[in-house]
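Work through these exercises with the model open. Each task is followed by its solution.

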Amino acid sequence: MRWGVLLGALTLGAAEPGYLDPATCTPCHAEIAASYAKTGMGRSFGRANDVPALTQFDHAASRQRFRVAARSGEWFLERQPFGDERRMDYAIGSGNHSRTFVYRNDAGLLMELPVSWYAEGGGKWRMSPGYDRADHSGFQREAGDACLFCHNGYPSAANGGLAQGIDCQRCHGPGEQHVRERGPIVNPAKLSRERRLDVCLQCHMESASRTLPEAVRRPGRGVFSYRPGEPLGDYMTFYAFTEGGGEDRMTVNGAGYGLLQSACFQRSAMDCVTCHNPHKRQAGDAAHFTQVCRSCHSNTHEPARDKCIDCHMPKRRTEDAVHVVMTDHRIRRTLPAGDPLAMLPERHDRRSGPVRLLYPATLPDNAETRLWRAMAWGDGKALAAAVAEARPKAAEPYFALGEAMRKEGRKKEAVEAYRRAGDAGALALAAELLLTWGNTAGAAALLEPAVRRQPDDTRLLNSLAVAYVARMQVREAMALLTRAVTLRAEEPISWLNLGVCREAGGDKAGAAAAYRTALRLQPELARARQFLERVTR
């Protein structure tokens, strides 16, 4: 997860100016548009049509069973033993390697579904990345802007806040002025090698996933604020461990990371488009890739060897989506040891440690640079020193500091850092810490002005309600939670807290109804089941 994403997740529909419906490009670029629509990027996100059949998939760790049901032209993912289901509204991924499905909840947010379809072995259903565990997120994991950044176009007024796949403008920049005034538009082919690489690396520079502090979006930059042609380092910086980090990593979005480690890249002027035509699907085109290799290595092997990539860029299993097999873009003289297709266990830990700058290769040695590196590292002492030196105005560094201090058990420093971040999520975390040592007055004083500023934020409403219940202000808490479930009726934690509030007020029947609603929305919510048993026995 990338820092800068951890503040309150943006709701879908935060439109970016200057972007238009990509269909506007088609009349002038019909051939390219038709060809591009067949590529993986062109099919990276869209309506969940033609969902592969799934009659039964049993997940041993959670003891849950899944199946896909088709009704009236729509697809639903059903889950047992809970007997709940969600409509499969959209698919993330082209299907070349996988497709993960999401549904839109009543608040307009996209929520990930627990099982995905993978192309390996002719096609199979398995748990979505990160879900192969007993306590997985069920239907409650948000697929927010940071997730969609690399799988979809930018949200704009032209697409109603949700694009339908990566479109022309991700590489060429916003097209409104170009269409309306015949003004200039970015042509990556005319950029310098570095800026041309940046266009690809915005999504393909992932050095690791979940197990490494991989990248930091610069504080103050929005998720969708990168523009082709600008230095990628002005938008995001990438990191690796200084020691023992395992440079030989393979992730779904790590093609650029592998390429930049390759001698072929380092000793030539090649870049991504040397091998790939972004406007044309080239999957399985071994002859084309061999021709590219022989343009530099004409005498390396006898002409009969016509599949260079089989030995020098073998297929490997990715560590972040363990059912995905992709081409390793780290070009090698010899194959790595071991079976590159051997099954990997899914990891759920998060490593930490001192980091070094990975991309861009250099940055000025100043307070800002030291702050970004400290955010990637996540060490409380280093981050506190960097924040004190840089004195940032943006919220993200303070949120990162709060997270570091909380993990290190330094609660007072964490509260202060969260308070300075000022985001709704940060204030809710600060209040939670205050409540842990019984400072209900402090929690309420922190949250009350925040709720007045953001009366529709359900995180704040829930947090303040918890503080009020602890202070026996049950009526005030009831009002906040009633508002929360009205705003987001599919949020189980609000119903759980409403049940607690009703129970505290002596309304056991109302509490039971709220707990049942929470369980209907999230059947694995153990506290709701425990509290329901308490009020109904």
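**Exercise 1. Confidence**

What pLDDT does the protein chain average, and what percentage of the residues score at least 70?

Solution. The chain averages a pLDDT (the predictor's confidence in each residue, from 0 to 100) of 92. At least 70 is reached by 95% of the residues. Now take residues 1–13: pLDDT stays under 50 there. For this stretch the model has 43 contacts (heavy atoms within 4.5 Å) beyond four places in sequence.

This is a predicted model, where local features need pLDDT of at least 70, side-chain atom pairs count only at pLDDT 80 or more, and totals for chains, interfaces and linings use all residues. Residues are numbered from 1 along each chain as its sequence is written, and side-chain values use heavy atoms, with hydrogens and water left out.

**Exercise 2. Thr237**

Solution. Next, accessibility. Thr237 counts as buried because its relative accessibility is 0%, and buried means under 20% relative accessible area (1.4 Å probe, protein chains only). Then polar partners: the side chains of Thr237 and Tyr239 are joined by a polar contact of 2.9 Å. Such a contact is a pair of N or O atoms within 3.5 Å; within protein, one must be able to donate a hydrogen and the other to accept it, and residues adjacent in sequence count only if both atoms are side-chain atoms.

Definitions and conventions. Buried < 20%, exposed > 50% of the residue type's maximum accessible area, 1.4 Å probe, protein only.
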